[in-house]
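Subject: Handover of a structure and its findings

Dear colleague,

Please find below the structure that I am handing over to you. I would be grateful if you could read the notes that follow with the structure open beside them.

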There are 2 protein chains.
Amino acid sequence: MRRIEALGRISEERQRLTRTFCSPAMRRANNLVAAWMRQAGMTVREDEIGNLIGRYGRPRGKVLLLGSHLDTVRDAGRFDGALGVILAISCVEQLRRSNTRLPFALEVIGFADEEGVRYQSPYLGSRVVAGTFARADLRRKDANGVTMAEAIRRFGGRPARLKQAGCDHTQLLGYIEAHIEQGPVLEQEDLAVGVVSAIAGQARLRFRFIGQAGHAGTTPMRSRRDALCAAAEFVLAVEGCARRRAGLVATVGQIQAEPNASNVIPGTVTVTLDVRHQSDPVRRRAIAQICNDAQRLCLARKMNLVVEVIQATATVPCSRRLTALLKRAAGKHQARVIGLPSGAGHDAAVLAKITPTAMLFVRCKGGISHHPAESVKVQDVRVAMAVMTDFLVLVASEYE
Amino acid sequence: MRRIEALGRISEERQRLTRTFCSPAMRRANNLVAAWMRQAGMTVREDEIGNLIGRYGRPRGKVLLLGSHLDTVRDAGRFDGALGVILAISCVEQLRRSNTRLPFALEVIGFADEEGVRYQSPYLGSRVVAGTFARADLRRKDANGVTMAEAIRRFGGRPARLKQAGCDHTQLLGYIEAHIEQGPVLEQEDLAVGVVSAIAGQARLRFRFIGQAGHAGTTPMRSRRDALCAAAEFVLAVEGCARRRAGLVATVGQIQAEPNASNVIPGTVTVTLDVRHQSDPVRRRAIAQICNDAQRLCLARKMNLVVEVIQATATVPCSRRLTALLKRAAGKHQARVIGLPSGAGHDAAVLAKITPTAMLFVRCKGGISHHPAESVKVQDVRVAMAVMTDFLVLVASEYE
């Protein structure tokens, strides 16, 4: 917890925690975490994009990856990402202290970018490790006009070598990530930790309701084609659709009315829709239903509708084998172990392309995340550490 | 119509029509309209705030006011305001051409500010005439930091004298304003003109729905307190309430969600409400009903609600006597004459404090106003002119 505090003080902004990809704050964070890794008996390196990697055990051969990311959102909490990296280092320390030998090496990785704040493109770190980094991203510019290639160069990496920078996939045994839940389920279930079943697929769409602007005082109700009324029906249809389907979450997070004046009937309203469910067919059916509802209500109101798909990612299931072992380990420290989908994306979803993955969720206060109020109990961190260490021992016992 | 065109070309912006209070464009507009007034045989003066007044007939004694405003909104149409002033001048020309003598003087007035664009404070011109100008307004600043007092001085007026600048109310017989309807009723009824029964009272309120922001992917539906869902219910409750009450219009024109990000559940949503009806009790009951609905739905969703009244103006009924004469005059040119409330505010509502008022509405295309597409048929303007002239003769015959 002291390390969480120390890392939480490393920020590129005064008064609040913000640590973006390849920033001077990231340099200081990597240096601090590298020192902890060395203290824990690891050999430390940084790859071409700035991922920090500490290796414990044999310098060659099979390796199990543990970790999370070291970057943050703007005005972040201290646990998102940092907890997973620091917890992994603590596990290594515990193994070393108890003189536990594993039949494979451990690598603790602190990814350089998961949040995608600086270049509006998330998972830069894990994509390099997975070999799915898109070279075109190097031309992206940050808010100050600095290209990603330049930022990586200044940080000490070599953009030209990113493609070959990934680890040797044939040696990978798996990837385990501990992370705060960022949701309220564990708190509601009164559980310190939970095991992630899958990283839920996500669709993001944009709906534009086009009616007719008009004078708020002179246009009778029967003559109106009020785009905000249509959008309001839509928001409630989305909520109803999600409430009727177990495990589905659907959110209208953004809304923009035009002309957005108190004395003008809204002519156009644009909203975003975010839909997530761990079952791809369930999610697709829900989206189809919502689009149907939108069409139907626009027809009834004589309005036009433009629907745009912004992003659609499939569900990434966690490894059954690793997840079963993680549940067994958790069962030693908790009377009841639940599996739950992750509604948020994680590096684990990227690494799942190359190796079996598993995730351990740690209860966080009120489900609050991406906010300075992010908070985790010391006791829960202790449970998570014990579970992770026992899990490593279980993997080792199965390996032999 | 040529005059409407000519006046419509006088703007402070290229490509679009914008003529704000005391602007150089207003100076050119006043000069042009003054020339037309003189051609029509009027003596012309400008009062201390820049209202342009042309007098026809005896220099002393009773006077009937006719007119409207010469300022515009940004990116305006050519008819709102201008039509009423130009139509009044044409009536004077017609009376002069037909050698009709009236037992009172006519004053055609072009108000310097009705829209309130420059100082966010409408009816500056008519408030000076009515003696209700608020001296505190002189300290208001425009977007460039120019105080109203300074703007008036540059235009040629004397801010210190505004209080005494009003006309002699004891000499006033009434005020008649012709204006485009700015709504679709006359078009739907297939009528060139209509007579205004009252200028509907208006209430503007702000509602803030306070729920709880949260991660769109990790917060189950049952754990949410989504402020946008509450606001959506509110928008539909407002629409339902207005639809159930004849003549009521209620509009949610502005909406602002926070944090307004596609992957965050809206924590707070603020909306404006605009309610108008010509009966004050009906309007008040509707507002009470809407506030009740808002409270009820916030209670059901465990949310907080903040309601703020921004503005509340009572209905201003038009003079029964003048309105009856205007209807008689309209009946000569139209088989059917309807009375309709004005949902928009007008200078007539300000002048009603000091003299009987009446208003003639002229059909406009699609009810569109405050937009370059504002359009009125030549034939309808001809009808309006004939009605206004006949009305003046009727007033004169009653006077004698």
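Conventions

This is a predicted model, in which local features need pLDDT of at least 70 and side-chain atom pairs count only at pLDDT 80 or more, while totals for chains, interfaces and linings use all residues. Residues are numbered from 1 along each chain as its sequence is written, chains are lettered from A and ligands numbered from 1 in the order in which they are written, and side-chain values use heavy atoms, with hydrogens and water left out.

Chain A as a whole

Chain A contains 11 helices and 16 strands; these are DSSP runs numbered from the N terminus, helices being H or I with at least four residues and strands E with at least two. Its C-alpha trace spans about 80 × 50 × 40 Å along the principal axes. Of the 400 residues in chain A, 60% are buried (buried means under 20% relative accessible area, exposed over 50%, and partly exposed in between, with a 1.4 Å probe and protein chains only). Among contacts in chain A with a separation of 6 or more, 76% come from residues 24 or more positions apart, a contact meaning heavy atoms within 4.5 Å.

The interface between chain B and chain A

On the two sides, 48 residues of chain B are in contact with 48 residues of chain A. The buried area between the chains is about 4100 Å², with carbon and sulfur atoms giving 58%; this is the accessible area (1.4 Å probe) that two parts lose on being put together, summed over both. On the side of chain B, the residues that lose the most area to chain A are B:M221, B:I255 and B:S262, together 15% of what that side buries.

The interface has 16 residue pairs in polar contact, both residues being at pLDDT 80 or more. A polar contact is a pair of N or O atoms within 3.5 Å; within protein, one must be able to donate a hydrogen and the other to accept it, and residues adjacent in sequence count only if both atoms are side-chain atoms. Helix α7 of chain B gives the most to the side that touches chain A, with nine residues.

Salt bridges

Over all chains, the whole structure holds 46 salt bridges (a side-chain nitrogen of Lys or Arg within 4 Å of a carboxyl oxygen of Asp or Glu). Two salt bridges are counted between chain B and chain A. In one that involves both chains, B:E239 pairs with A:R301, with the closest N and O atoms 2.7 Å apart.

Within chain A, A:R301 also forms a salt bridge with A:E233 at 3.2 Å, N to O. A:R301 lies in the loop between α8 and β13 and A:E233 in helix α7, so this pair ties together parts of chain A that are 68 residues apart in sequence. A:R301 is buried at 12% relative accessible area, whereas A:E233 is partly exposed at 28%. Salt bridges that share partners join A:E233, A:R301, B:E239 and B:R243 into one network.

A:R3 and A:E93 meet in a further salt bridge, 3.0 Å from N to O. Since A:R3 is in helix α1 and A:E93 in helix α3 of chain A, the pair ties together parts that are 90 residues apart in sequence.

Local features

A:R363 lies in the loop between β16 and α11 of chain A and counts as buried at 11% relative accessibility. Its side chain makes a polar contact of 2.7 Å with that of A:D380.

The peptide bond between A:E258 and A:P259 is cis, with omega about 5 degrees; A:P259 is in the loop between β10 and β11 of chain A. In chain B, the bond from B:E258 to B:P259 is cis, with omega near 0 degrees.

A:N99, a residue other than glycine, has a positive phi near 60 degrees and is exposed at 58%.
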